[in-house]
Amino acid sequence: MTNEELTNTITSWFPDVEFIEEGSQYLTILVSKEKLLDVISKLKEDTSTHFDYMFCLTCVDWPEHFQMVYHLKSSDLDHMLVLKVNFEDKEKPEVETVCKMYATAELHEREVYDLFGVVFLNHPDLRRLLLTDDWEGYPLRKDYVDEINIVTL
Amino acid sequence: MEETIISPDGTQEYFINMGPQHPSTHGVLRLVLTLDGEIIEKVEPHLGYIHRSIEKMCEKDNYRQIIHLTDRMDYLSAHMNNHAVSLAIENALEVEIPDRAKYIRVIMDELTRISSHTLWWGVMGMDLGAITSFLYGFRDHEYITEIFEETCGARLTMNYNVPGGVMFDIHPNFVKHVKDFLADFKTKLPEYDTLLSGNVIFLERTKGVGILSKEDAISFGVTGPAGRASGFSNDVRKKEPYGIYDQLDFKEILYTDGDTYSRYKARIDEMWESIKIIEQLIDNIPEGDFQAKTRKVIKLPKGEFYQKVETARGELGVYIVSDGKMSPYRMKFRSPGFSNLSALDRMARGGKIADLVAIMSTLDLVVPDIDR
Amino acid sequence: MYLSIYDFSSFFQSIDNWLTSTFPEPIASIIAWILIGVSAIAFTALLGLSLVYAERKVAAWFQLRIGPNRVGFQGVLQTVADITKLIMKEPLTPGTSDKFLYNLAPFLMMLAPFIVIGALPYADGLQVMDLNVGVFFVTAVSSIGVLGILISGYSSNNKYSLIGSMRSGAQVVSYELSAGLAIMVIVVMSGSLQFSEIIEAQRDGWWIFKGHLPVWIAFVVFIIAGTAETNRGPFDLAEAESELTAGFHTEYSGIKFAFFFLAEYVNLFIIVVLAATLFLGGWMPLHIGDWEAFNNIADIIPPIFWFIGKVSALIILIMWFKWTFPRLRIDQLLTLEWKYLLPISLVNIVLAAFITLTGWHF
């Protein structure tokens with residue numbers, strides 16, 4: 001499907017989804033935290049969109065909010081989509097896990113938890129992945145300070 | 001300590017640690033296996049032994065410095081990592097790179113792919129016990145590495161790509177050496193194939209072992225030859241072509257069995273395809289500039305940019321979030337090894353320890369790629 | 001023509017006469033025993049050293065490199081240097097291991113080869129004991145080696161070692177059956193268990209040419225079972241470096257490790273000597289039936305050189321296996337033995353008995 005057709009299809013299913021126009025080469029939609037699972041499962045199950053391959057899952061630390069970014073692709077229909085979720089609460093960021101639908105999300109979400117501190121609800125095994133288990137803090141956040149390990153010139 | 005579980009016939013499960021230092025986990029990867037006799041119940045990878053926080057460092061370095069960091073992620077496809085970042089920056093700046101640079105980049109890419117696959121072939125034989133294949137694989141790897149040394153100045157971490165093209169022109173002997181290499185390699189590759197794949201012991205060790213179905217491959221995000229051996233067709237060079245891949249004639253290798261032997265065959269066939277690609281390009285390198293003019297200090301416009309590249313292990317994704325400054329706001333590398341590793345548990349369950357070694361060698365993991 | 005200058009028995013007889021004439025009776029015997037013992041042990045040790053050197057050179061030849069070539073002329077003293085290093089290493093004993101068994105295991109491993117070396121024929125008259133049950137003695141005593149493997153894995157108190165030794169124990173015990181049955185074919189055809197009689201029976205041609213089909217099958221089975229017995233070649237799962245970091249001898253260092261190391265090579269030598277003696281005629285030169293002229297010419301080369309030639313060829317063949325083939329998994333290994341080699345060997349021995357009774361061999 002082309003981007004227009006995708007836009008129309010998604011608007012017909014979820015009218016209150018925002019489309020972000022500037023700054024990205026793929027079609028980008030912004031979804032609220034609560035509707036994330038519904039939107040993703042509909043996009044995956046429905047045969048006209050069939051987004052069954054998630055090729056990137058990451059998080060960006062903006063000054064006001066965290067933003068989860070999911071890059072989806074369909075293995076047979078070859079179209080791509082970017083899904084974003086914002087959380088305003090930077091003290092306790094939580095979101096539902098998508099690893100029931102995409103098995104690759106298990107390790108990716110563990111990495112995001114490790115480096116950003118975002119808690120994924122109902123994740124089967126949420127532990128630190130790359131850092132040691134007793135590490136304090138979340139390094140990829142912008143306000144992370146570590147005098148010993150980070151050398152600033 | 002974990003509880004021991006006693007099964008109905010009175011036997012207990014036990015844990016074995018294939019520790020960070022181990023001859024057959026290629027890199028510092030720690031696997032905790034739960035075993036019942038010789039059968040594997042669960043494989044749990046513990047990562048992070050070579051985590052160098054490349055993504056955090058990218059937030060402080062400017063764009064030209066980031067290219068030097070990307071070499072060290074998957075060092076066996078160093079050139080392709082650089083290519084990915086350079087392409088992302090060029091697409092963001094909308095810079096048109098000269099044809100000569102495009103040809104050189106693709107030739108170097110394919111040579112890197114061949115060298116990575118010959119090294120993989122050598123190590124695969126060694127893991128399964130045919131130790132001699134290690135030296136034969138390295139012999140050809142050396143041949144290519146010497147070609148790289150002549151042109152790029154370095155053997156492993158090439159640093160040859162810059163935003164705008166390549167750093168310097170190719171060496172005058174480059175074309176001749178590559179042609180000699182191709183002529184030599186085309187006689188060696190059938191020999192290598194027969195040495196391992198013609199061997200009954202090897203076939204017994206790899207056929208039917210570690211099967212990964214197509215749905216699992218898509219769900220786990222297994223790309224590269226490992227995914228294509230399960231029928232998941234997503235060669236980035238075909239689906240979203242970059243460089244001059246859309247003008248070249250090569251096949252995408254797909255097998256449907258999804259076992260270790262198909263992954264082995266997929267890589268051998270990929271080497272043949274790479275040879276074909278280089279032969280189409282090596283005689284036709286156009287004259288011209290090897291680098292487009294870019295500003296000395298690169299600032300990307302605000303926005304997000306994603307670039308995919310097909311490395312020897314799978315699909316590498318470079319995701320740049322820029323806010324207009326000299327360094328990216330967030331840089332994420334979607335590494336192929338990370339997703340390939342997550343499927344290891346699914347593939348290895350129910351097999352024996354010897355099968356685990358065979359599966360890991362066909363997944364072709366390079367741990368710095370996983371840990372970044 | 002029987003060239004008596006190549007007969008060692010007269011040489012030894014003269015030493016024996018000199019000893020009995022110089023010393024009173026019990027002391028002469030004791031001195032004789034000490035001489036024989038020391039020379040056998042020295043021979044075994046030198047054998048181990050030279051086989052390790054040969055392995056490294058053969059491996060290098062297959063792998064397109066040179067191998068040891070710095071220490072001594074063409075690297076001949078390399079193994080001496082290695083053994084010196086191993087002797088001078090600190091013998092680390094893991095704290096939680098069973099001390100007595102842990103120290104006993106390497107000695108058991110070395111004991112079996114030392115004893116067996118004495119029963120094998122090297123040249124005409126060059127044999128320590130020519131037992132009338134020679135073949136039986138060799139196969140029985142060489143089974144003591146498996147005790148060493150099992151005890152070392154168990155007493156190390158290490159999961160890796162335990163897995164390795166259990167695998168190896170299962171493997172060695174299984175393959176002894178096929179090896180034994182292959183040896184039985186030759187015993188049936190020669191009609192004796194004594195080495196010198198078996199070799200005499202090959203005076204008119206080696207068994208591999210005289211006895212045709214059953215002996216060929218037995219030879220192939222024996223070579224396969226022999227490499228599996230010694231944990232070598234494609235059957236070296238027990239010490240599979242890339243899986244279990246050295247298997248049953250992981251926890252051994254220094255001189256104890258050297259014992260395991262040397263014992264493997266001396267075991268290889270024993271299997272090869274058995275194959276050469278039973279199937280290829282041992283020290284007997286190549287004779288063809290009644291062709292007098294040919295036999296006389298063949299007899300000019302001393303038997304000891306025939307022996308060394310055959311043994312070297314088979315050793316290189318078995319080393320070739322190791323450096324070419326990948327490893328078999330443990331269940332494939334045992335399947336090979338119990339489902340393929342053993343039935344073939346059983347059928348083969350019936351065939352051999354039939355052929356011997358009817359006399360349908362050369």
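This is a predicted model: local features need pLDDT of at least 70, side-chain atom pairs count only at pLDDT 80 or more; totals for chains, interfaces and linings use all residues.
Residues are numbered from 1 along each chain as its sequence is written, and chains are lettered from A and ligands numbered from 1 in the order in which they are written.

Chain C holds 15 helices and zero strands, where helices (H or I, at least four residues) and strands (E, at least two) are DSSP runs, numbered from the N terminus. Along the principal axes, its C-alpha atoms fill a box of roughly 65 × 60 × 45 Å. The radius of gyration of chain C, 21 Å, agrees with a compact globule, because 362 residues would give a value near 21 Å under the rule of 2.2 Å times the number of residues to the power 0.38, taken over C-alpha atoms.

Contacts are residue pairs whose C-beta atoms, placed from the backbone, lie within 7 Å. Among the contacts in chain C with a separation of 6 or more, 77% come from residues 24 or more positions apart.

Two pairs of chains are in contact, and chains A and B share the most contacts. Chain A and chain C are joined by no contact, and their closest C-alpha atoms lie 25 Å apart.
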